[in-house]
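Let's take a walk through this one together.

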Amino acid sequence: MSAAIEVSSEAARPPEIGPAVLLAWRNLAYDRSRFVITMVGIVFAVVLTAVQIGLFFGFTATTTAVIQHTRADLWVAVHGLRNFEIAMPQLERHRNIVMEAPGVTRAEALLVFFSAWRKPEGGDESVLVVGFDPNSGIAGPWNIVQGDPADLRQANTVMVDDINKAKLGISKIGDRVEINGHRARVVGFTHGIRSFTTSPYVFATYRNAIDYGYLRDNQAEYVIARLAPGTDPMAVKRALHRRLPSVDLLTRDEFADLTKTYWMFTTGAGTAILVAAALGLVVGMVIVAQVLYATTVDHLTEFGTLRAMGAPQGFILRVILWQATIAALLGHGIGIVIAMAIARGSQYSTALIIIPPGLAVGLFAVTFLMCAGASLVSIRKAMTIDPAMVFQR
Amino acid sequence: MDDRRPALVVEGVSLVYGSGAVAVQALERVDLAVRRGEMLALMGPSGSGKTTLLMIMGCLLRPTAGSVRLLGRETSPLDQAGMARLRLAHVGFIFQSYNLFPALSAVETLRMTLRLKGWPADRAREEAPRLLAQVDLADKLHSMPAQLSGGQKQRVAIARALAGDPEIILGDEPTAALDWRTGRGIMELLRRLAHSHARSVVVVTHDPRVAELADRIVTIADGRIAPREGGAS
Ligand SMILES: Nc1ncnc2c1ncn2[C@@H]1O[C@H](COP(=O)(O)OP(=O)(O)O)[C@@H](O)[C@H]1O
Ligand SMILES: [Mg+2]
């Protein structure tokens, strides 16, 4: 066998990342307008997807906010319960039965019902009244930014969220409204308690809520219970179930899941958001695929020249993948910053957008795969190019 | 080192494009040797097989029959990747249409080429301007291809072919797109580079005036080397 050609060790060493990155970046940025289109496409896809998924997270948090902030270990409701907002009144004696169950330290009633809210200047809005027991601290408004919760103990008082000021036609403490025709006075504001149903939550004490709803005493949509530390809620549920076969017994997490699943999926609202997010990705992907393909095809002669010069196929592969990576890094960076700004802005809107770090990281992976996938078609074309092409013209 | 020893030897090389009824015999039993320090012009009418022979000499194309020896070693056992490694280390190419990288400046082109050939970044940074100075472009380091004249572009391409100091430089009609004066300048530069570093330079051309500037002229017709040889020196 004849000896292989001597190749200097320097030349045999695979080229470092440097030259591939340089060429990739320059090829990408060379055609300014195309570069801008690439960036707009990726940024558009990232912002749309991040905001949609952020909305999904925001809505999910919104649907379960009251459940999560109520320090009840067990929720008792009339059988057939599907979500927090729509619940049927239950029998008065349920509270006593729950109270007597072993492991239960406290049980109280919680009122939840839709009502008509008449603004001071006239006009009605639908609201969801939440009537809670002010003595235990289990339920009630949180994140109070204005007013004293103790004022809620006065007759005919309510607290609402400042995000809903305009919707509810009020602006300050002391504003007077009517709930179901019953007079009421605003004594404070929370911040960030949104309602998924678009009917704002109105917090009132149990006593006052009875008045607003013209209800009979001792009515309750929910009986909420605290358990002694270390008590297994499942054991309490089993014990209670024998006494109360016709009610639904749910732990906090079970109830949160039930409500979340109902609003996000049974109603189709969450699915619609996720479909919009997927569409954003698809549209972005199509734009990016087109542009990255065109970028590679435009530089095909250069790849042929590189191959003629003796550049390994791996070098061409790296250049194209670096084009995708750089596009993804820049597009994702800009997109996430814009999405974060939109999320920040949502702090003062009725639709909360939550973009946790995990979403930002996950979206980078998706963006990179999108860009790399978009390059796949052109990779084959560039890698299999015949270097002889550069001589034949 | 014996400068008279051939760097490139082609023996009995034939090449057939395609097969069956559409087969084209582009080369037929070609013998050719190029010495170190020699500039050779390959002449012939269009379609005579000049480019095909140049590609075979540059290990871009495998002959249908015959052998190619580069720097004393047989190339036929090499696979595609092996041929690519060989080109990268020992052969520099110059093209009629320059084939520069439009997005890279002159000095970046050279830096990238050197890095591609395995040079460390700092040495490539030092070497790139030196190579451009060698082709009289010390004042055009940061020019983009679009900002350069045809002759300047071809000189960047020559500097690129010289990067890493390959023993063999192959040019396919490198002056065809240039006016006569500029083309002559390019040929004189190539001849100087051949003589000063004992490189073997082969330039394809169909212009006899250009060919006159080489050390030796080989004429090819219908895929065969014409019997008569001549040259400037
Ligand atoms: N890829 C190819 N496929 C088929 N025939 C080819 C191919 N390349 C060149 N030829 C033919 O081979 C012959 C020699 O071509 P070429 O080497 O390009 O000649 P020159 O460079 O002297 O003009 C011509 O007849 C040409 O048509
Ligand atoms: Mg030709």
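In β5(B), which residue is the bridge partner of B:Leu70? That partner is B:Arg73. Before going on, note that this is a predicted model, where local features need pLDDT of at least 70, side-chain atom pairs count only at pLDDT 80 or more, and totals for chains, interfaces and linings use all residues. Residues are numbered from 1 along each chain as its sequence is written, chains are lettered from A and ligands numbered from 1 in the order in which they are written, and side-chain values use heavy atoms, with hydrogens and water left out.

Back to chain B. Strand β4 (residues 65–70) and β5(B) pair in the antiparallel sense over two bridges; strands are DSSP runs of E with at least two residues, helices are runs of H or I with at least four, and both are numbered from the N terminus. Pairing takes at least two DSSP bridges between two strands. The open sheet here has four strands in the order β2-β1-β4-β5, with antiparallel pairing. β2 (24–35) and β5 (73–74) of chain B sit at the edges with a single partner strand each, so one side of each has no neighbour in the sheet.

Now hop over to chain A and strand β6 (residues 176–179). β6(A) pairs in the antiparallel sense with strand β2 (residues 104–118) of chain A over two bridges, and A:Arg118 stands opposite A:Glu178. With strand β7 (residues 182–190) of chain A, β6(A) pairs in the antiparallel sense over four bridges.
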